[in-house]
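Dear colleague,

I am handing over the structure we spoke about, and the notes below it set out what was found. Please read them with the structure open beside you.

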Amino acid sequence: MKSIFTGNIHNKNSRKQADLILIVLASQSVRAVIDTDPDGSCNIFVPDDDVFKAGQQLKKYAIENKDVPRPAPHVPTRIFFSPAALALVFILAAIHYIITTRGLHKQAILNFGSSSYYLSQGQSFRAVTALFLHSDTDHLLGNIAGIIVLAGPLLRVTGCGQGLLLLLAAGTAGNLISESFGRDLRLSIGASTAVMAAAGLLGARRMTIGAQLRHSLFPKFKSLAPFAAAATLTAMFSHGENTDISAHLFGFLAGTGIGLCYYPLSVPLSGPVIGRISFGIVLAILCTAFIQGLFPFLFNT
């Protein structure tokens, strides 16, 4: 006898998979025996002469049922707890504290804030650096709440490296698109564009999962529900004295567009290796942007 499956009966998914294997093999007249240990681990054994046949039948079943809707990926219960989101919050708070206590706040906004005029002069790094600056403590606290509520779940379900890269790409794109419609010196700052991008990314993720469901009477309308929910959430956050509504809108749309392109390919683009590569790209972009912004800052001081 040879084992063709090893799992644990205490794991719901593992138990279902074992039951499915036994059913498939029984339907093809392949004798199979399941052996369970006291600790819950289990093995499915088949006679040595039937190992090849069992493998072929299981592969055939998988191919014939590959279009069957799969359940949504398991989401951790503590969805809002994300070490990466907390680290991002700490970085934003540290930057704000340092530049305000040292009297560098106005100068930092001038050198790192996003403006259609400066972007048109080739200072594209401002679309990145503006995401890390805030006008006052209230502005900062509002975006911290948004990061915990929206960016936290995004990073948990997408992965730290991939999630941060998507967040940075969508937030930067939102600033670039927003500022491309003007030619003035108005400076825009704040992580809110990235927060709204997170709402768009979460909506896009749910839309791509919902698009696989075939049993709904109105599948197209149902797949648009997450988009409507994320858009409503964006509108609710788009208020306040220092709010750039256009940046919020384009951040949300950029997040939605990028998410709709990424999540259908998320399986081959997932995993720890891709995550480390993505995180390295994020660090490279941030370092390049801040170094570019430091040159005029150092010369002016």
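In which sense do strand 2 and strand 3 pair, and over how many bridges? Strand 2 (residues 33-36) and strand 3 (residues 41-46) are antiparallel and pair over four bridges, where two strands count as paired if DSSP finds at least two bridges between them. Helices (H or I, at least four residues) and strands (E, at least two) are DSSP runs, numbered from the N terminus.

A word on the basis of these notes: this is a predicted model, in which local features need pLDDT of at least 70 and side-chain atom pairs count only at pLDDT 80 or more, while totals for chains, interfaces and linings use all residues. Residues are numbered from 1 along each chain as its sequence is written, and side-chain values use heavy atoms, with hydrogens and water left out.

To stay with the strands for a moment, T36 has C42 in strand 3 as its bridge partner. The two strands form a hairpin with four residues between them, and G40, in the turn, has a positive phi of about 100°.

For the chain as a whole, there are twelve helices and three strands. Of its 301 residues, 41% count as buried, that is, under 20% relative accessible area, with exposed meaning over 50% and partly exposed in between (1.4 Å probe, protein chains only). The chain exposes about 16900 Å², of which carbon and sulfur atoms supply 65%; accessible areas come from the Shrake-Rupley method with a 1.4 Å probe, and for residues only the protein chains shown count as cover. Among contacts (heavy atoms within 4.5 Å) between residues at least 6 apart in sequence, 75% join residues at least 24 apart.

The largest nonpolar core has 33 residues, and within it I147 and L167 touch the most other members; such a core is a set of buried Ala, Val, Leu, Ile, Met, Phe, Trp, Tyr and Cys residues joined through side-chain atoms within 4.5 Å. The elements that give two or more residues to this core are helix 3, helix 7 (137-158), helix 8 (160-179), helix 9 (192-210), helix 11 (245-262) and helix 12 (272-300), and helix 7 gives the most, with seven residues. If residues up to four places away in sequence are not counted, I147 touches A85, L88, V89, L92, G152 and V195. A second, separate core of nine residues includes F5, L25, V46 and A54.

T129 belongs to helix 6 (residues 126-129) and counts as buried because its relative accessible area is 0%; beyond its neighbours within four places in sequence, T129 is in contact with F112, A289 and F290. L176, in helix 8, is partly exposed because its relative accessibility is 36%, and, with neighbours within four places in sequence left aside, L176 is in contact with L119 and A127. From C-alpha to C-alpha, L176 and S114 are 8.5 Å apart in space, although 62 residues apart in sequence.

S270 lies in the loop between helix 11 and helix 12 and, at a relative accessible area of 39%, is therefore partly exposed.

With kind regards
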